[in-house]
Amino acid sequence: MPEGTSLSILRRLPPTEVTNRWTGARHGLPKAYGRTDLVVLGLGVMIGAGIFSVAGRQAATMAGPGVILSFMIAGITSLLVAFCFAELSSAMPTSGSAYTFTYVIFGEVWAWLVGWALVMELLLATAVVARAWSLYAAQMLADLGVRLPDLLAKITGQAEGFDLFALFILVVLTAVVALGARVGLRTLWIIVVAKLLAVGAVIVVGATHFDQRNLSTIPVPATPAGAADDTLHSPLLGVLFGQTGAFGWFGIFAASAVIAFAYIGFDIVATAAEEAEDAPRSIPKGIIRSLVITTIIYIAVALVMVGMTPYDKMSSKAPLANAFRQAEEGFMVHIINIGAVLGLTTVILVLLVGLTRVMFALARDGLFPRSLARINRTYHSPTRVTLLIGGVAILLAEFVPVLTLEPLVVIGTLSVFIAVAAGVIRMRRTMPDLPRGFRVPLSPGVPIASILACLWLLVNLEVITWLYFAAWMAFGVLVYLLYGRRNSVLAGARPAADPLGPESRGPESRGTESRGTEGRGRHRR
């Protein structure tokens, strides 16, 4: 056993390894993203489910007109965390994002837990959104009068069971990501522009039917029938303090926890740092700008929707489309359907990109098989890990009722957010001289506020979500103990004095050692 393997909790990745070790490396990623591209990347993943489903469902069932406040709470929480992501990504521009930040600041064990939570978050989110895409695609065809044969109708637009549309979109977008970042970026630009036009139409047309009286209807707090007996599906806060139910302030905060799902994605911009031009400056700007734009759009759409239709007359299934039907603007239903399909397409695309980069970083560090970190010479992309992720996402989407597991995405995300905010506080103390392209204002106040806000949203999630998350993390600990702890690059496989590996010493040493270290991403071209 290599020296230090048993003390993996003490192993930390030197910051110089993050900033220098992949420059010109065989396992490095080519530059692909400019400053505007990073904003589009954020808009591509964040604008989607929050506009076309989450807002109306939470207004109808949990928060009423207060859903606008729910969006503000979730948006402010995300903005606080975004500042923290911006500082760490400017100091450590790498594909691993929160995983790598934690590796440098806290150590390998904590990094693995953050990386494992990221894998759950992004993989499950990909499968969830693929199912949602199928439902909207089937609805779009139905509203356009396109009737599918009975055989196909039974396997498309289904919430559970085999679904042809979900399979189709995952296969296509996995192929797009596998072909390289530039192909995916061109596709992303086209679709993002189209869906922003659709969202703009929703805001403009919806504003003409705005009725301020709908905002003044304050719902009475209520406890759903059977809620007292259903502890597993009650928010943790309600179980701890004996309060549960919908509407009122409790409902507004409970809705905020779910709505946080809509903001997931600004952190994925950080995973593109290794491929971004002038990353220490462009990544922070891309994260913050895309989040601010998304928050404004979300609040505008939520305001229009609640103003158009009283909350108690909203449909929780297709709230935005039904709101326009009630306003006798039937043509907008088609705009919404098209916008939803386009919006969810970009969400899946960027989720796949983000997850690919996180898995790539984990494999490059040896915590997953290093062969997954190889870059395809033709497409300049980590094709192996992309195809693996696409395959697992397809299995999840087809054989697991993923739509019921959406809160797991939120709990994984908020846990990662807490780690990043804590990382800013610790890095300021332990690495004050590390160069940064951005600094969190009012630190440590903002990071502490980020942690408290995330904790507040976490305790508003259901007990069953906490139990599922605990089981996933426990399984992750087992995987680390059985594989990652011994196979980590920092387990003693290479002397610390030789950070670039055998190729840094000259060609005479490459022949005998390159085969054994090929998966570590340390080779110079």
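Leaving aside its neighbours within four places in sequence, Thr294 is in contact with Leu43, Met46 and Ile47, where contact means heavy atoms within 4.5 Å. The structure is a predicted model, in which local features need pLDDT of at least 70 and side-chain atom pairs count only at pLDDT 80 or more, while totals for chains, interfaces and linings use all residues. Residues are numbered from 1 along each chain as its sequence is written, and side-chain values use heavy atoms, with hydrogens and water left out.

Thr294 is found in helix H13, and with a relative accessibility of 0% this residue counts as buried; buried means under 20% relative accessible area, exposed over 50% and partly exposed in between, with a 1.4 Å probe and protein chains only. The side chain of Thr294 also reaches the backbone oxygen of Ser290 at 2.8 Å, a polar contact being a pair of N or O atoms within 3.5 Å, of which, within protein, one must be able to donate a hydrogen and the other to accept it, and for which residues adjacent in sequence count only if both atoms are side-chain atoms.

The secondary structure of the protein comes to 20 helices and zero strands, helices (H or I, at least four residues) and strands (E, at least two) being DSSP runs numbered from the N terminus. Of the 525 residues of the protein, 58% count as buried. Among contacts between residues at least 6 apart in sequence, 82% join residues at least 24 apart.

In soluble globular proteins, nonpolar side chains tend to be buried together. The largest nonpolar core in this model has 160 residues, a core being a set of buried Ala, Val, Leu, Ile, Met, Phe, Trp, Tyr and Cys residues joined through side-chain atoms within 4.5 Å. Helix H6, which spans residues 108-143, gives the most to this core, with 22 residues. The residues with the most contacts inside the core are Phe71, Phe85, Met92, Phe266, Ile348 and Phe368. For Ile348, when neighbours within four places in sequence are left aside, the contacts are Thr126, Val129, Ala130, Trp133, Ile169, Leu170 and Leu173.

Helix H6 packs with helix H15 (residues 331-364) at an angle of about 155°, the two axes lying 8 Å apart; axes are lines fitted to C-alpha atoms, for helices over the stretch in contact, and angles run from 0 to 180 degrees between N-to-C directions. H6 and H15 are therefore roughly antiparallel to each other, since angles under 35 degrees count as roughly parallel, over 145 as roughly antiparallel, 65 to 115 as roughly perpendicular and the rest as oblique. The crossing of H6 with H15 is left-handed, meaning that the near helix is turned anticlockwise from the far one by less than a right angle, whereas clockwise would be right-handed. Helix H15 also packs with helix H2 (residues 35-46), at an angle of about 115° and with axes 6 Å apart, and the crossing of H2 and H15 is left-handed. Leu41, Gly44 and Val45 of H2 make this contact with Gly343, Thr346, Val347, Val350 and Leu351 of H15.

Arg357, which is found in helix H15, counts as buried at 2% relative accessibility. Arg357 and Ser95 are 262 residues apart in sequence and yet 5.3 Å apart in space, C-alpha to C-alpha. Glu87 lies in helix H4 (residues 67-91) and, at 0% relative accessibility, counts as buried. The side chain of Glu87 reaches the backbone nitrogen of Val440 at 2.7 Å, and, beyond neighbours within four places in sequence, Glu87 is in contact with Val424, Met427, Arg428, Arg436, Phe438, Arg439 and Val440.

Most residues other than glycine have a negative phi, and most peptide bonds are trans. Ser97, in the loop between H4 and helix H5 (98-105), has a positive phi of about 50° although it is not a glycine, and at 3% relative accessibility Ser97 counts as buried. Asp278, in the loop between helix H12 (268-271) and helix H13 (279-308), likewise has a positive phi of about 50° without being a glycine, but counts as partly exposed at 35% relative accessibility. The peptide bond from Ser443 to Pro444 is cis, with omega near 10°, and Pro444 is found in the loop between helix H17 (406-430) and helix H18 (445-458).
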